[in-house]
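Student: I'm new to this one. Can you walk me through a few spots?
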Amino acid sequence: MYVDSHCHLDFPDLAAREDEVLATMAANDVGTALCISVKLEDFPRVLSLAERHPQLWASVGVHPDNADCDEPDVARLVALADHPKVVAIGETGLDYYWQKDAPEWQRARFRTHIRAARETGKPLIIHTRSAADDTLRLMREEKAGEAGGVMHCFTESWDVAAGALELGFYISFSGIVTFRNAKDLKEVARRVPLDRLLIETDSPYLAPVPHRGKTNEPGWVVHVAEELARLRDEPLETIAAATTDNFFRLFSHAQRPA
C-alpha cells in the first residue's frame with residue numbers, strides 16, 4: 001500500500017472529480033491520503049472530505065502565503081484539531097519566495113502553529129521556500145521537535161534536511177524528485193534515512209513524470225515511490241512499506257486500513 005502524505009482534494013480541480021480521484025487512488029493501491037488545510041475559511045471542506053471517506057484524514061492550519069485570511073491563534077487551532085479525523089497541524093512555515101519582504105507576520109503565524117502542535121500532541125506539516133535558515137531557527141526556538149512533523153514537498157539542500165532530521169522531523173518528496181533537472185534533490189533523496197522518508201503528491205500541483213504538466217492526484221504518488229526506489233537502489237516494495245509505516249508512526253492519530 002502507498003500513502004499520499006499531502007494533497008489538496010478540496011481544491012476545485014480535484015473536488016469536481018472526487019469519485020474519479022478516489023477510484024484512481026484505489027486502483028493504484030494508494031490506501032490513505034492526508035488532506036491539507038491552507039485557510040481556516042476552507043477547513044470545513046477539508047474536514048468534510050475526511051469525515052465522508054475512511055481512507056482520508058485532515059490537517060488544520062493556514063499556509064504562509066495566505067496574507068488576507070482569517071488569522072489563527074493557538075486556542076482556535078487546538079480547538080479545531082480536537083477532532084478524530086484531524087491528525088496534524090498545518091500546513092505552516094515560511095515562504096520568502098512570494099513574500100519577498102520576509103514579513104514578521106509569517107514568523108508569528110509559524111510560531112502559533114508550532115505552539116498549537118506542542119499543545120495538541122499532533123505533528124506539524126511544514127512548508128519552507130527561500131526561508132530555510134529562518135524556518136530551522138524558529139523550529140529550534142519554539143521546540144518544534146517536541147511535536148515532530150514533516151518537511152513537506154522538500155526541495156532544499158542536504159544541510160537543511162540534516163537540520164530537520166536532527167530535530168526528529170521526516171522528509172517528504174513530491175513529484176519534483178522525478179523531474180530530470182532535480183539533480184541536487186535526487187541526491188538528498190538518496191541520503192535521507194529510510195525510517196524518515198515520506199512520499200506525497202501536493203496535488204493538484206507538481207504531477208510526477210510521466211504525467212508532468214497535468215492536474216496531479218493522489219493515485220500518482222506511486223511514481224514518486226518508484227523514483228525513490230530507483231535512486232536508492234531499493235525494491236519498490238521496500239519504499240512502499242517504509243513510507244506507509246513512517247506515515248502511521250508520525251501521524252499516530254490516523255488509523256491504518258485493515
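Student: What does G168 count as, buried, partly exposed or exposed?
Tutor: This is a predicted model, so take each value as computed. G168 counts as partly exposed, because its relative accessibility is 29%.

Student: Where is G168 found?
Tutor: In the loop between α7 (158-166) and β7 (170-173). G168 follows α7 and has a positive phi, near 90 degrees.

Student: How far is G168 from G149?
Tutor: Their C-alpha atoms are separated by 7.7 Å. Along the chain, the two glycines are 19 residues apart.

Student: Back to α7. Which residues in α7 are buried?
Tutor: V160, A161, G163, A164 and L165.

Student: OK, α6. At what angle do α5 and α6 pack?
Tutor: About 40 degrees. Helix α5 covers residues 104-120, and helix α6 covers residues 132-141. Their axes are 10 Å apart.

Student: Why is α5 called oblique to α6?
Tutor: Because of that packing angle of about 40 degrees. Angles under 35 degrees would count as roughly parallel.

Student: And is the crossing left-handed or right-handed?
Tutor: α5 passes α6 in a right-handed crossing.

Student: Which residues make the contact?
Tutor: From α5, they are R107, F110, R111 and I114. From α6, they are D134, T135, R137, L138, M139 and E141.

Student: How do the residues of that contact divide into nonpolar, polar and charged?
Tutor: In the contact of α5 with α6, four are nonpolar, one is polar and five are charged.

Student: Is C7 buried or exposed?
Tutor: Buried, because its relative accessibility is 0%.

Student: What about C153, how far is its sulfur from the closest cysteine sulfur?
Tutor: The sulfur of C153 is 13 Å from that of C7, its closest. That is too far for a bond. C153 is also buried, with a relative accessible area of 14%.

Student: Let's do T32. Where is T32 placed?
Tutor: In strand β2, residues 30-35. T32 is buried, with a relative accessible area of 0%.

Student: What does T32 touch?
Tutor: Leave out residues up to four places away in sequence. Then T32 touches M1, Y2, V3, D4, M25, Q55, W57, F247, F248 and P257.

Student: And K186, buried or exposed?
Tutor: K186 is buried, because its relative accessible area is 9%. K186 lies in helix α8, residues 183-191.

Student: Which residues does K186 touch?
Tutor: With residues up to four places away in sequence not counted, K186 touches V177, T178, F179, R180, E227, R230 and L231.

Student: How far apart are K186 and S203?
Tutor: 20 Å in space, C-alpha to C-alpha. In sequence, K186 and S203 are 17 residues apart.

Student: What about the peptide bond from S203 to P204, cis or trans?
Tutor: Cis, with omega near 20 degrees. P204 lies in the loop between β8 (197-199) and α9 (221-232).

Student: And the peptide bond from V209 to P210, cis or trans?
Tutor: Also cis, with omega near 15 degrees. P210 is placed in the loop between β8 and α9.

Student: Now backbone angles. What is the phi of D29?
Tutor: Positive, about 60 degrees, although D29 is not a glycine. D29 is found in the loop between α2 (18-27) and β2. At 51% relative accessibility, D29 counts as exposed.

Student: What about the phi of D233?
Tutor: D233 has a positive phi of about 55 degrees, and D233 is not a glycine.

Student: Where is D233 placed, and is D233 buried or exposed?
Tutor: D233 is in the loop between α9 and α10 (236-250). D233 counts as exposed, because its relative accessibility is 72%.

Notes
Residues are numbered from 1 along each chain as its sequence is written. This is a predicted model: local features need pLDDT of at least 70, side-chain atom pairs count only at pLDDT 80 or more; totals for chains, interfaces and linings use all residues. Side-chain values use heavy atoms; hydrogens and water are left out. Axes are lines fitted to C-alpha atoms, for helices over the stretch in contact, and angles run from 0 to 180 degrees between N-to-C directions. Helices (H or I, at least four residues) and strands (E, at least two) are DSSP runs, numbered from the N terminus. Angles under 35 degrees count as roughly parallel, over 145 as roughly antiparallel, 65 to 115 as roughly perpendicular and the rest as oblique. A crossing is left-handed if the near helix is turned anticlockwise from the far one by less than a right angle, and right-handed if clockwise. Contact means heavy atoms within 4.5 Å. Ala, Val, Leu, Ile, Met, Phe, Trp, Tyr, Cys and Pro count as nonpolar, Asp, Glu, Lys and Arg as charged, and the others, Gly among them, as polar. Buried means under 20% relative accessible area, exposed over 50%, partly exposed in between (1.4 Å probe, protein chains only). A disulfide is a pair of cysteine sulfur atoms within 2.5 Å.
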